[in-house]
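Please look through the sequence and the structure shown here before reading on. The paragraphs below are meant to be read with both in view.

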Amino acid sequence: MTILGQQFIGGEALKGANGEIFGVNASNGEKLEPGFGGATKADLERACALAEAAFRPYRETSLEDRALFLEAIADNIAALGDELIERCMAESGLPRPRLEGERGRTIGQLRMFAGVVRDGGFLEARVDPAMPERKPLPRVDLRLRNIAVGPVAVFGASNFPLAFSVAGGDTASALAAGCPVIAKAHSAHPGTSELVGRAVSKAVKDRGLPEGTFALLFDSGREIGQGLVADHRIKAVGFTGSRGGGTALMKIAASRKQPIPVYAEMSSINPVVLFPAALTARGEAIGKAFTASLILGAGQFCTNPGLVVAIEGEGLDAFLKGAAEALTETPAAVMLTPGIHKAYSEGVEKLGSHASVETLARGQEGGTLRGRSAIFTVSAEAFLSAPELQEEVFGSSSLVVRCRNEEEVAKVVDGLEGQLTVAIHIDEADHAAAAKLLPRLEETAGRILVNGFGTGVEVGHAMVHGGPFPATSDGRTTSVGSLAIYRFLRPVSYQDFPVALQPEAVKDGNPLKLWRRVDGKLGQN
Ligand code: NAP
């Protein structure tokens with residue numbers, strides 16, 4: 001067993017001396033050994049000082065060196081083998097195939113960012129050559145490239161203990177950008193965090209990088225995490241988790257002497273809009289597919305379909321029949337943590353006892369710490385007058401809003417908060433109505449999908465996992481896919497630089513062979 005309750009600072013594994021936290025077996029609530037020492041204020045100070053010292057040399061590592069580092073992390077995570085999967089299963093209650101898939105995704109996104117770094121396009125290199133003869137005034141020589149913003153604090157989420165945690169998308173994109181990372185381990189999966197933290201630390205050492213390039217801290221309370229965001233050496237925060245947690249960290253970041261951006265991915269109910277022709281043609285089948293998506297991973301996906309919007313009629317009745325039949329057979333499922341189970345049970349209870357809400361179906365009851373799935377219905381009129389019905393219930397619970405006509409559907413969409421995804425189900429006869437609704441959907445969500453559900457987020461170059469608040473704190477960004485790197489970059493212009501001082505990315509002769517915009521035209525010149 002290689003889990004020793006240790007954090008990582010400056011390449012050293014050490015046990016924190018500020019209290020102790022334990023992992024919990026998600027399926028039975030039992031304490032898992034060993035205890036993890038919480039970081040002290042001195043640990044936090046040391047991690048921040050080392051990250052600051054690492055920043056300058058690390059951000060100027062060659063593109064190839066940085067890519068090799070990301071690939072080394074991926075290889076080290078793969079080499080953790082079954083110990084990682086077994087510990088993660090115990091801590092999260094998630095099944096083996098799901099976690100093996102998530103490990104593949106985590107490794108895959110590290111490799112994708114290695115490719116992004118080698119490509120160099122993220123540097124956005126531009127050259128506007130001087131025009132000394134220009135009249136009435138000569139033009140200066142201007143060159144632009146992106147540089148890394150500085151050390152980044154990363155807070156992972158409980159529901160993706162690998163892909164959104166210690167070496168998840170935030171860490172991978174920050175390291176790719178050239179930022180040292182200090183990760184705050186999630187208390188729901190400390191053992192998983194230590195194993196992955198060791199894999200990253202080993203890659204730092206093996207690749208000969210500055211020792212402050214990466215640190216992992218445990219927090220026995222909230223002091224260390226909050227202190228990390230408040231520390232003047234941290235220049236940006238990546239967060240995935242609850243709305244309460246994200247907004248608390250945003251406030252701390254905004255009240256610093258030098259405020260910094262917090263890229264927080266928070267809550268979303270991922271509306272599904274069902275159009276009439278699709279419902280008439282295959283309402284029952286859509287209902288069954290919807291339930292399958294709703295119950296996936298006990299509903300603990302940020303892209304879980306928590307809201308359905310549709311016009312009343314036979315098609316919607318068929319949908320509700322299909323969805324309810326499938327849900328009734330669904331066994332209760334282990335949830336990630338006792339806290340999430342409690343919040344889910346309370347959320348379902350609150351929805352079920354709301355004066356305007358009817359219970360359509362419940363899944364099967366189960367043992368302790370298991371979530372029982374639920375589908376509710378409400379009229380559009382009632383939904384529009386009760387903003388609390390939009391609150392995320394994290395788990396397999398969804399609310400179907402019955403509308404009288406197209407105008408009411410548009411009103412419901414207009415009243416929605418920002419979302420990660422919106423799914424529409426359409427047939428050809430629905431195209432005109434869908435086109436009419438599309439501008440509203442674009443203004444609401446980061447990703448719009450046709451005849452599917454938002455669960456299952458492809459890691460690629462055209463993916464947006466983001467959206468207006470509260471889906472994220474900054475709807476101009478994404479936390480999944482290669483575009484995520486831009487959160488941790490900042491453009492710098494170089495005016496009238498002699499060739500000897502020009503950064504390589506924008507140097508005369510293009511020594512890095514980058515695709516650059518010279519006088520606005522993209523080319524490898
Ligand atoms: P969480 O409770 O907010 O925890 C996330 C991290 O933030 C943990 O490290 C936690 O520390 C820390 N934290 C929370 N509140 C804090 C505070 N006030 N001060 C300092 N640190 C704080 O979220 P979670 O339970 O892991 O995840 C479930 C939620 O995440 C759901 O609402 C889900 O929808 C959302 N989520 C969103 C996305 C997305 O992309 N939008 C993705 C996944 C999940 P501790 O470890 O000490 O608790």
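Predicted model: local features only at pLDDT ≥ 70, side-chain atom pairs only at ≥ 80, totals over all residues.

What follows turns to a pair of helices, then to the ligand, and then to some details of the backbone in loops.

Two packed helices are described by the angle between their axes and the distance between the axes. Helix 4, which covers residues 96-119, and helix 5, which covers residues 169-177, have axes 10 Å apart and pack at an angle of about 20 degrees. Because angles under 35 degrees count as roughly parallel, helix 4 is roughly parallel to helix 5. The crossing of helix 4 with helix 5 is right-handed, and the contact is made by Gln-109, Leu-110, Phe-113 and Val-117 from helix 4 together with Gly-169, Ala-172, Ser-173 and Ala-176 from helix 5. Sorted by class, this contact has five nonpolar and three polar residues, with no charged residues.

The ligand is surrounded by 26 residues, of which Ser-158, His-186, Ser-187, Ser-242 and Glu-392 are the closest. An N or O atom in the side chain of Lys-184 is 3.0 Å from an oxygen atom of the ligand, while one in the side chain of Gln-226 is 2.9 Å from a nitrogen atom of the ligand. Met-266 takes part through its backbone, where a polar atom is 2.8 Å from a nitrogen atom of the ligand.

Asn-270, although not a glycine, has a positive phi of about 45 degrees, and is found in the loop between strand 11 and strand 12.

Note on methods: Residues numbered from 1 in each chain as written. Heavy atoms only, no water. Axes fitted to C-alpha atoms, helices over the stretch in contact; angles between N-to-C directions. Helix = DSSP H or I, 4+ residues; strand = E, 2+ residues; numbered from the N terminus. Parallel < 35°, antiparallel > 145°, perpendicular 65-115°, else oblique. Left-handed = near helix turned anticlockwise from the far one by under 90°. Contact = heavy atoms within 4.5 Å. Nonpolar A, V, L, I, M, F, W, Y, C, P; charged D, E, K, R; others polar. Near = heavy atom within 4 Å. Polar contact = N/O pair within 3.5 Å; in protein donor to acceptor, adjacent residues only side chain to side chain.
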